[in-house]
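Open the model in your viewer and keep the selection tool at hand.

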Amino acid sequence: MGKQNEANQWFDKSLDISKNPVTYELKAISVIELGKKSEALKLLGNISLQDSAESILRVAGSILFYSGDYYPAFKVWNISIRRNIKVGFDKYYSTPINYAYLLKKKGDSLRADSLLNAAVQVKIEAMSLGSEDYYLPLI
């Protein structure tokens, strides 16, 4: 905590080596914590939004969401949710949680609760099958 500037230096070093979308996401969240929303949104320009890969949709949605740009985040995550609901959620797929929050804000509590229940069930099943990861019980 409180070492965002140092973290950003490390993110920049990492990005010099590899333009990984997750690193852009982490850097964006860090600069948002510093109150630099516009700087975080500029990082979206480094991510190929034409690429519809799941990781790109998740990262772009996260940057928009944590920047407070909920409508664009909703649109991006809607694509991701529609794809994943057909095949089933992965145990580490966190998008439904934030997406459900946006649904709730829009007044669609029924759909939000249904989505959360589906995501939680996947995580409970993963834990019951022996998955040991710090992230699973937090959801």
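The tour below starts with a helix, moves through the core and some ring pairs, and ends at another helix.

**Before you start**

This is a predicted model, in which local features need pLDDT of at least 70 and side-chain atom pairs count only at pLDDT 80 or more, while totals for chains, interfaces and linings use all residues. Residues are numbered from 1 along each chain as its sequence is written, and side-chain values use heavy atoms, with hydrogens and water left out.

**Stop 1: helix α1**

Select residues 4-17, which form helix α1. Helices here are DSSP runs of H or I with at least four residues (strands are E runs of at least two), numbered from the N terminus. The 14 residues of α1 reach 20 Å from first C-alpha to last, close to the 20 Å expected at 1.5 Å a residue; that expected span is 1.5 Å times one less than the number of residues.

Now show the side chains of Q4, N8, F11 and L15, the buried residues of α1. Buried means under 20% relative accessible area, exposed means over 50%, and partly exposed lies in between, using a 1.4 Å probe and protein chains only. Look down the axis: the buried residues of α1 fall within an arc of 55°, so they line one face of the helix. The arc is taken from the directions that run from the helix axis to the C-beta atoms. An α-helix has 3.6 residues a turn, so residues three or four places apart point the same way.

**Stop 2: the largest nonpolar core**

Next, select L44, I47, I63, Y99, L102, L103 and L115, which touch the most other members of the 30-residue core. A nonpolar core is a set of buried Ala, Val, Leu, Ile, Met, Phe, Trp, Tyr and Cys residues joined through side-chain atoms within 4.5 Å. Colour α2 (21-33), α4 (54-66), α5 (70-87), α6 (95-105) and α7 (109-128) to see the elements that give two or more residues to this core. The largest share, seven residues, comes from α4.

Centre on I63. Beyond its neighbours within four places in sequence, I63 is in contact (heavy atoms within 4.5 Å) with Y24, E25, A28, I32, A40, L41, L44 and I47.

**Stop 3**

Pick V22 in helix α2. At 33% relative accessibility, V22 is partly exposed, and beyond four places in sequence V22 touches R58 and V59.

Move on to N78 in helix α5. Is N78 buried or exposed? N78 is buried, with a relative accessible area of 17%. Its side chain makes a polar contact with the side chain of Y99 at 2.7 Å. A polar contact pairs N or O atoms within 3.5 Å; within protein, one must be able to donate a hydrogen and the other to accept it, and residues adjacent in sequence count only if both atoms are side-chain atoms.

**Stop 3: aromatic rings**

The whole structure holds six aromatic pairs. Rings of Phe, Tyr and Trp (its six-membered ring) pair if their centres lie within 6.5 Å; planes under 30 degrees apart are stacked, over 60 edge-to-face, and the rest tilted.

Select F65, which is buried at 9% relative accessibility, and Y101, which is partly exposed at 39%. The ring centres of F65 and Y101 are 5.8 Å apart with planes at 85°, so the pair is edge-to-face. This pair links distant parts of the chain, with F65 in α4 and Y101 in α6, 36 residues apart.

**Stop 4: helix α7**

Finish on α7, where A112, L115, A119, K123 and A126 are buried. Seen down the axis, the buried residues of α7 fall within an arc of 75°, so they line one face of the helix. These residues pack against α5 and α6. On the other side of α7, L110, N117 and S128 are exposed. Just after α7, select G130, which takes a positive phi of about 100°.
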